[in-house]
Amino acid sequence: MRKTTANQQNCLARPAATFVALVLFNAVAIEHARADEREDRRKENCARYQEMVVEAETRVGTKGLTPDLREKTLSS
């Protein structure tokens, strides 16, 4: 069996370490993008909900709704 020198081992380790670093960086970037998408979706859903509440109040009225509920809904 042939012995490898420390220099040869370093040459083999560098590409592997670079690959691992790139994979980890990519995973972090993907998770960050997903978090941004979730936040955008949450904001969009909140805006839609507020629009639906206003529309429901316009069509049905506010009878039976507590002021606390209306305040929480419209201030979100």
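## A helical chain and its salt bridges

Glutamate 31 forms a salt bridge with arginine 38, and their closest N and O atoms are 3.1 Å apart. A salt bridge here is a side-chain nitrogen of Lys or Arg within 4 Å of a carboxyl oxygen of Asp or Glu. This is a predicted model, in which local features need pLDDT of at least 70 and side-chain atom pairs count only at pLDDT 80 or more, while totals for chains, interfaces and linings use all residues. Residues are numbered from 1 along each chain as its sequence is written, and side-chain values use heavy atoms, with hydrogens and water left out.

**The whole chain**

- Let's start with the overall picture: the chain has 2 helices and 0 strands. Both kinds of element are DSSP runs numbered from the N terminus (helices are H or I with at least four residues, strands are E with at least two).
- Of the 76 residues in the chain, 5% are buried. Buried means under 20% relative accessible area, exposed means over 50%, and partly exposed lies in between (1.4 Å probe, protein chains only).
- The accessible surface of the chain comes to about 7,100 Å², and 60% of it belongs to carbon and sulfur atoms. Such areas come from the Shrake-Rupley method with a 1.4 Å probe; for residues, only the protein chains shown count as cover.

**Salt bridges**

- Searching the whole structure gives 4 salt bridges.
- Glutamate 44 and arginine 48 meet through their side chains in another salt bridge (2.5 Å, N to O). Both lie in helix H1, 4 residues apart, which is about one turn of the helix.
- Glutamate 44 counts as partly exposed because its relative accessibility is 39%. Arginine 48 is also partly exposed, with a relative accessible area of 48%.
- Arginine 59 and glutamate 55 form a salt bridge as well, with their closest N and O atoms 2.6 Å apart. This pair also lies in helix H1, with 4 residues, about one turn of the helix, between one position and the other.
- Arginine 59 counts as exposed because its relative accessibility is 68%, whereas glutamate 55 is partly exposed at 37%.
- The side chains of glutamate 55 and arginine 59 also make a polar contact (2.6 Å). A polar contact is a pair of N or O atoms within 3.5 Å; within protein, one must be able to donate a hydrogen and the other to accept it, and residues adjacent in sequence count only if both atoms are side-chain atoms.

**A buried glutamate**

- Glutamate 57 lies in helix H1. This glutamate is buried, with a relative accessible area of 14%.
- Setting aside its neighbours within four places in sequence, glutamate 57 is in contact (heavy atoms within 4.5 Å) with Thr62, Leu65 and Arg70.

**A nonpolar surface patch**

- Phe19, Val20, Val23 and Leu24 make a nonpolar surface patch of about 390 Å². Patches are made of residues with over 30% relative accessible area and no salt bridge, where like charges are joined within 9 Å and nonpolar side chains (Val, Leu, Ile, Met, Phe, Trp, Tyr) within 5 Å.
- Valine 23 is found in helix H1, which covers residues 6–60. Valine 23 is partly exposed, with a relative accessible area of 41%.
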